[in-house]
Amino acid sequence: MIHFKDISKTFASKEGAIKAIDHLSLSIHQNEIFGIIGESGAGKSTLLRFINALETPDEGMVEVNGVNVQSLNKKELRQFKKKIGMIFQQFNLLGNKTVEENILLPLELHDYTDALDIQRVLEFVGLTDHKDRYPSELSGGQKQRVGIARGLITRPNILLCDEPTSALDENTKREITNLLARASTEFDVTILIVTHELDVVKRLCERVAILEQGKLVEVVDVQHCESKESLNVSYSELAREVLVNGQ
């Protein structure tokens, strides 16, 4: 479904050129929950942003459902992006809008002919009784539920999640990962999750790509590991220090 074909990306900085992604090739299956992990600066978010064309590779090709994303014109790109939802680390809710209004915001910005019903989405994320509340009245977990509902209401084919649990406590983190797992099944959506939290990967993902300095170290089949703990020995020394020890 999603194919990165020998892609590279370099950014300019005060220290000189930084190779964010270095000749990376990777395929993600339809309806898969796929994780992308690595230390800060490994290229995780850049890889995610290639999919919805917020970043464009300098070399190589990004292909989604047989479409070369770089080949799309502005009109085609607008239609393409409508089938991709996004969930953010810091929720990105508008404080002057209610829960319901925040969820409906994408439908105000674009015309969607097959959007989900607001009541169905509210019920799915467990916020029916909170629809008239404002973000300041919500807990962190409730705010992320709003973010998930907003990402789902357009009925996307792909849901991109950038560190969706890093601002949450352990119990809430588990609730959100369970909700994302249910969303994958109920709404027939492919989920990509960027995270530095190994426990989230073990609990949620089917496969995970390990990045280091813009390179793909390996892809681990999480579901078929004899023990989820065996993931730990697959990392390079640097990735193990960052991801296992949390440093």
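**View 1. Confidence across the elements of the predicted model, from helix H8 to helix H4.** In this predicted model, helix H8 (residues 237-243) has the lowest mean pLDDT among the elements of the protein chain, at 43, whereas helix H4 (residues 118-125) has the highest, at 97. For the protein chain the mean pLDDT is 89, and 90% of its residues reach 70 or more.

**View 2. The stretch of residues 230-247.** Over residues 230-247 the pLDDT stays under 50, and for this stretch the model has 34 contacts beyond four places in sequence. Where pLDDT is low, the predicted coordinates should not be read in detail.

**View 3. The open sheet of six strands.** The strands follow the order E6-E7-E8-E3-E9-E10, and their pairing is mixed. Strand E6 (84-87) and strand E10 (215-221) stand at the edges, and because each has a single partner strand, one side of each is left without a neighbour in the sheet. From one strand to the next, the twist averages 20°.

**View 4. The pairing of strands E9 and E10.** Strand E9 (residues 207-212) pairs with E10 in the antiparallel sense over six bridges, and isoleucine 210 stands opposite glutamate 218 in E10.

**View 5. Glutamate 206 in the loop between helix H7 and E9.** Glutamate 206 belongs to the loop that lies between helix H7 (198-204) and E9, and it counts as partly exposed because its relative accessibility is 29%, a value between the cut-offs of 20% for buried and 50% for exposed. Although glutamate 206 and glycine 35 are 171 residues apart along the chain, their C-alpha atoms are separated by 7.8 Å.

Key: Residues are numbered from 1 along each chain as its sequence is written. This is a predicted model: local features need pLDDT of at least 70, side-chain atom pairs count only at pLDDT 80 or more; totals for chains, interfaces and linings use all residues. Side-chain values use heavy atoms; hydrogens and water are left out. Two strands pair if DSSP finds at least two bridges between them. Helices (H or I, at least four residues) and strands (E, at least two) are DSSP runs, numbered from the N terminus. Axes are lines fitted to C-alpha atoms, for helices over the stretch in contact, and angles run from 0 to 180 degrees between N-to-C directions. pLDDT is the predictor's confidence in each residue, from 0 to 100. Contact means heavy atoms within 4.5 Å. Buried means under 20% relative accessible area, exposed over 50%, partly exposed in between (1.4 Å probe, protein chains only).
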